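Please work through each task with the model in view before reading its solution.

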Amino acid sequence: MIERLARIASHLHRFRRLLWLFAVAALAVFGTRLVGAQALEGDASAMASLLAFLWALLFLSVGGLFHAVPAHTPDAAWTTRVSIWLRRLGYRLLGVCVIGLAVCVAVLSYQLLRVLWG
């Protein structure tokens, strides 16, 4: 699981500036719609910008967290192997949290889009 997330993170890490720009732009759009809107429930551009912001933050977190996952080294000393095992255990726990967060954002996206266009 963490190897796959590390592979995804290596691709996302290249686009981090673009993702930051996308997140800031989405947050700016949401902020302007928040100030000018009477009710956000029916404002499609506000909800779309909020979803874009959440997805950009999710991609940024995956790219930042899993960019430097330590590799297995079977020929190293046992203290090094234990240290790598513990760090990889932490990455596994982070991976479960990120996958759970991605599922939550996907469900939230579905619910908001269903309300807006349903």
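**Exercise 1: A loop residue**

Task: Determine which residues Thr-73 is in contact with, leaving aside its neighbours within four places in sequence.

Solution. Apart from neighbours within four places in sequence, Thr-73 is in contact with Arg-81 and Ile-84, where contact means heavy atoms within 4.5 Å. The model is a predicted one, in which local features need pLDDT of at least 70 and side-chain atom pairs count only at pLDDT 80 or more, while totals for chains, interfaces and linings use all residues. Residues are numbered from 1 along each chain as its sequence is written, and side-chain values use heavy atoms, with hydrogens and water left out.

Next, locate the residue: Thr-73 is in the loop between α3 and α4. Helices (H or I, at least four residues) are DSSP runs, numbered from the N terminus. Thr-73 has a relative accessibility of 30% and therefore counts as partly exposed; buried means under 20% relative accessible area, exposed over 50%, and partly exposed in between (1.4 Å probe, protein chains only). Finally, the C-alpha atoms of Thr-73 and Trp-85 are 9.9 Å apart in space, and these two residues are 12 apart in sequence.

**Exercise 2: The pair α2 and α3**

Task: Describe how helix α2 and helix α3 pack, giving the angle and the distance between their axes.

Solution. Two packed helices are described by the angle between their axes and the distance between the axes. Axes are lines fitted to C-alpha atoms, for helices over the stretch in contact, and angles run from 0 to 180 degrees between N-to-C directions.

Step 1. Helix α2 covers residues 16-36 and helix α3 residues 44-65; their axes lie 8 Å apart at an angle of about 150 degrees.

Step 2. The two helices are therefore roughly antiparallel. Angles under 35 degrees count as roughly parallel, over 145 as roughly antiparallel, 65 to 115 as roughly perpendicular and the rest as oblique.

Step 3. The crossing of α2 past α3 is left-handed, that is, the near helix is turned anticlockwise from the far one by less than a right angle.

Step 4. Among the residues that make the contact are Trp-20, Ala-23, Ala-26 and Phe-30 of α2, and Ala-52, Phe-53, Ala-56 and Phe-59 of α3. By class, this contact of α2 with α3 has 15 nonpolar, two polar and two charged residues. Here Ala, Val, Leu, Ile, Met, Phe, Trp, Tyr, Cys and Pro count as nonpolar, Asp, Glu, Lys and Arg as charged, and the others, Gly among them, as polar.

Step 5. Ala-28 also has its place in helix α2. With a relative accessible area of 43%, Ala-28 is partly exposed. Its C-alpha atom is separated by 9.6 Å from that of Phe-53, 25 residues away along the chain.

**Exercise 3: The nonpolar cores**

Task: Identify which residues touch the most other members of the largest nonpolar core.

Solution. A nonpolar core is a set of buried Ala, Val, Leu, Ile, Met, Phe, Trp, Tyr and Cys residues joined through side-chain atoms within 4.5 Å. In the largest such core, of 13 residues, Val-62, Phe-66, Val-69, Tyr-91 and Val-98 touch the most other members. The elements giving two or more residues to this core are α1 (2-14), α3 and α4 (78-117), and α1 gives the most, with five residues.

Not counting residues up to four places away in sequence, Val-62 touches Leu-5, Ile-8, Ala-9, Leu-12, His-67 and Val-98. Another core, of five residues, lies apart from the largest one and includes Ala-23, Ala-26, Ala-52 and Ala-56.
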